[in-house]
Structures are given as C-alpha cells and as structure tokens.
Amino acid sequence: MQFEVWAPLTGRVALRLDGAAYGMTPDPERPGWWVAEAPAADGSRYGFELGGGQDGPGGGPPGGGQDGPAGGPPAPVRPDPRGRRLPDGPDGLSAVVDLAALSPGEPAPSPRVPLQDAVLYELHIGTFTPEGTFDAAAARLGHLTSLGVTHVELMPVCSFPGRHGWGYDGVAPWSVHEPYGGPAGLARFVETAHAAGLGVVLDVVHNHLGPSGNHLPAFGPYFTDTHHTPWGAAVNLDAPGSDEVRAYLLGSALAWLRDYRIDGLRLDAVHALADGRALTFLEELATAVDELAAESDRPLFLIAESDQCDPRTTTPRGAGGLGLHAQWNDDFHHALHCALTGESQAYYADFAEAPLGALAKTMTRAFFHDGTWSSFRGRHHGRPVNRGRTPAHRFLGYTQTHDQIGNRALGDRLAASLSPGLLACAATVALTGPFVPMLFMGEEWGAGTPWQYFTDHPDPELAEAVRSGRRREFAEHGWKAEEIPDPQDPATRDRSRLDWTEPDKEPHARLLDWYRTLIGLRRTHSDLRDPDLAALRIAHDEERRWLTFRRGDVRVVVNLSAEPVTVALGRNGVRVLAAWLPVDGPDPDGRLHVPAESAVVLGP
C-alpha cells in the first residue's frame, strides 16, 4: 500500500505503521510530498514522524527531534492529515480505512430531489438520540420520512477532541468522529437514508480548525498570518503554499460526496474565508462539485452560510458569481423571529422596528439588508437580489437553526416562550413561503428540550477558557455567571438531547401533525414551490399583526395577534385547505375571519 504526505517544512519523514518504521522518500514530481510503500490492511494504525530541518537528507532513517540535534528526544508521531479514521481521537494515530469495504453491496440509489422541491432537516448526531451515534440516528429516520422531509443536513462529523461537542471545533477535515461510529457508521447512515428515499447533506468547516488537537502546522503552511480571523491565523488560501492547502480542502469536500455518497455540503461561514486570489476557493470548489455531479450523474449541491447578504454567492459563475447553489437566509429568520417574539436586541434591532414589513421584504426580495443601513454593524450592508434571474430556491428559509438556538444564553427554543398557535404560524410562513424550508431537529413537535452550547475539551485550561469566556460574553448583556450553563458539564449536553417521548403527547402531537400537513401541501401544490420571487403577493397590518400572501392560486393568512382578525381576500372562490384552528371559508364578500394566533392555507 502506498502512503503519502505533504510535508514541505521538514528534511526527513518516516512512516510509523503498526509499530514498524519505514523511511519515506521525496516524490520527484510533487515538491514537498513524501511517499513510501508498506504492507497494511483495514484498521492498521499509522502516523508520520517529522524529523530534521529542510537542510537534512531526504528519506533518511527515522529518529531525532524535529528540529533538535541527533540523539535528542524522539519526534512525535502525528496522525495523517488526510486520515479517514482516528480511533483514539485527534492526538492518536490514524487507522487505514478500506473504502471499498464501506459499501460492500450495491448501494441504494441517491434520491434525485432538486433543491427547488427539497425540505431539509438539520440534525446533530450527538443529541438527536440518547445514544448519540450514526446507527441510533439511522434507526429514527422513519420519523423524517413520515414527516415528509427530503434531506437530512448533518452538523459537522469530523474528529474533534473529547466525545461531545457541536462539531465546529473539528481538527481533521478528512476524518469521521469515532464516538459517532467512525467512517463505517457514517457510510451505514447514508445507505440507510438513501434506502429510505432521503438525501444527506453534510456541514463542513473550511474557515478554521479547533483550538486543540490541530497537527497541520507541523506539516506545512496550512495557516497564514497574512490574514487574521476570530480564531487567529487564517487558513492559507492565498499565501505561499496555498495551492496545496486548497487541494487539501477541495479533496476533503469531494471525498464526502464521492466516497460516502453524500448529496450536498453546507459550507460554514464562508464570509470568514480570507481569500484574495482572483479565482477564489469557493469558485474552485463549486466547479469541482458540478463536474463530479455530471460525472456521477447525481444532483450534488453546495449551500453556503454567509452573513454578507450578497447575491453573488449563488449567482452562476458564467454571470460573474461564485456559483454555489444556495445560501442560508438569516434575514428571513430575523424578521420572522422579531415578528413572533418582539425581541429587538443586537442584530434584531433593525428588523424589530416594523417586523412584518421586514418579513414581507425578505419574502419578496430575499434580503432585508440589500444596501440598507445596519445599526448592528454601524454601516450600510448587503446588495439587492436580481429577482429576474435569481430563483427563490437559491435561499433557505427557517424559523430556527443550531446557531439561532444554541447561541442564546440558555439555548432556549421558540417553544420555550411561544404558544403552540404561534409555533404553528411560524411553521406556516416557513413551509409555504418562497424559500427552501429547513427545520431544526425537534422543532416539528415543539421540543421542550433546550439546545445549549456544550463542549468536552480534555485540556483543562482550554475548558476553563471556554467556560469563563461564555459567561463573560453574556455578562455584558446582563446575565449572571451562574445562570449560564457550563459548556463542559455533561449535564449541558444531556439536557440538549431530544426527548422522544414528546411527539406522542399533546400539545406536541398536534403541532407535529400540522408540520406534516404543511409539508404535504408544499409537495402537492406546485405553486408553493414556484421559484419566482417577483410573483409572490403579500399584504400585512403591523398594528393588528396579521400577514397574508398569495403564491399562484394558494393563499396563506397568518394571525400573530392574541385577538381574532378579519382579512379581506376578495371574491376568488378559494376554500380552506388547512387551518390550525377551525375556520369557515371566506364569506360572500371574500372576508376571512381568522382566530387568534392561528394560520390558514386556502386554495381553489
């Protein structure tokens, strides 16, 4: 078996494999690469020992400190940057993975649902079930198929220190977190999902690596001080050595799609990618994914998280954009959140001034901040969306996400403060609105469990820094330190696990049935999947707190008020398709009487 590693900063590399040492030789055709042949099998443990400075001989015997004199302490054996499995965590050895063994039989076909027809479901493997594993999550996929979603969006599954965490502190972008089930567990999950008709989207992080267990700097210039980010030195996308760093990240992304047959990737915080090259990494990635989709005859896609409110993110490359296929729309979330809760702190301030007006703008123009003043940023922000060439399925719409819940002080969901009726109204806007809907696990039954920020850092100093930093952050907003859950306390993670006894109880069961009804309407009524933003007609009353919009022949009326309202729809012959509370159809004059905190969907 051939082993290879990019390590341009050292003059000697040795392969340590199952207790034996093998000298590696420079690859004459690839500067900085080292290669070796050695016998290995699935599960063989291996790593690389980097020794000597750049002036040392190539391919010499192992031993010696990395920069120290001969006879000094032995150099550490580091895991393979491209290793697929880390059985003992990020600081342990890598294990060989036989990719062919991951799918021994004929794989189930990938679902061919385009984004325009999709309903996504964001899921965290570690808290979706009590067991917190791929296999346990796979056993619950029947719930999602009966709900009507089309794709599961997994939060990051790369290896990170400790057992529990959100996944955004991953340090090995090619590997799969062992406590979840490792590569074999992920492969089984994808196969089970595909067999059930569900696509799988994976959240990947390219803008930083976690603060502990990151061995990449020892191998090469994976990071650069040319740019600085909230996490320190930036991932090197444009400084010397960046060609190989880009290839490393690109290869990782394609490996998820090719080797695990995942159907799409969600790209974390692409606005934090510091990249000054003419051909950006995101364009390069989008091109490669489109080529793989054509080659494999599978509908693959990339979904960006970006706070730039920039339509160029999803504008086709031929028209001067980056060519990603969709992006999260936080502006839609913020407007809807303010309309539901009345909150006005921090970035909600601009939306809270007239929340239904803000919601109407986002539903017809995608971004609220499209060049407007942002008081939170202290400047103008965003760029208008060209509705004539930008379909609505370039954007995802949602009422809750892991960020919008977990980054709150107590990780409280909407269900903690809103009535079932208002939760039903929120679901109605998201699931009948113009954007590709995405749910966060448990919202479909109004889960009573919070989703809090939790970590499991083995390093006690880092653990304390995270704990005190989070409490200090919320102290600035008036919270007492003892009120903020300790991220390192196992109870914080335990509280965040879904309670699977809830869906069969009231009021959860009724809300769950409403979600199923709305998703079913979206599937059976093509007007609810119309990509034309300009075709949506909307009206609202800020004071009386109602909103109505029309999508083709489908009318939607939402009353957020604690009082009944009467909304004039005109004489159009519509009937009630679904209602949260019992309502009669419009009267002869076209007026609809809507109960408090309720929603109605009408059609011809």
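I begin with the cysteines. The sulfur of Cys309 lies 14 Å from the closest cysteine sulfur, that of Cys338, which is too far for a bond. A disulfide is defined here as a pair of cysteine sulfur atoms within 2.5 Å, and by this rule the count is zero. As a reminder, a disulfide is a covalent bond between the sulfur atoms of two cysteines. Cys309 is buried, at 6% relative accessible area, and Cys338 is buried as well, at 3%. Buried means under 20% relative accessible area, exposed means over 50%, and partly exposed lies in between, with a 1.4 Å probe and protein chains only.

A word on the basis of these values. This is a predicted model, in which local features need pLDDT of at least 70 and side-chain atom pairs count only at pLDDT 80 or more, while totals for chains, interfaces and linings use all residues. Residues are numbered from 1 along each chain as its sequence is written, and side-chain values use heavy atoms, with hydrogens and water left out.

I turn now to the salt bridges. How many salt bridges are there? With a salt bridge taken as a side-chain nitrogen of Lys or Arg within 4 Å of a carboxyl oxygen of Asp or Glu, the count comes to 29.

One of them pairs Arg298 with Asp263, with the closest N and O atoms 3.6 Å apart. This pair links distant parts of the chain, 35 residues apart: Arg298 is in the loop between α8 (281-296) and β15 (301-304), and Asp263 is in the loop between α7 (242-259) and β14 (264-267). Helices (H or I, at least four residues) and strands (E, at least two) are DSSP runs, numbered from the N terminus. Both Arg298 and Asp263 are buried.

Another salt bridge joins Asp370 to Lys361, at 3.1 Å between the closest N and O atoms. Asp370 is buried, at 16%, whereas Lys361 is partly exposed, at 21%.

Finally, the helix α7. Its 18 residues should span 26 Å at 1.5 Å a residue, and the end C-alpha atoms are 25 Å apart, which agrees; the expected span is 1.5 Å times one less than the number of residues. Is α7 mostly covered or uncovered? It is mostly covered, with 14 of its 18 residues buried. After α7 comes Arg261, whose phi is positive, near 60°.

Thank you for your attention.
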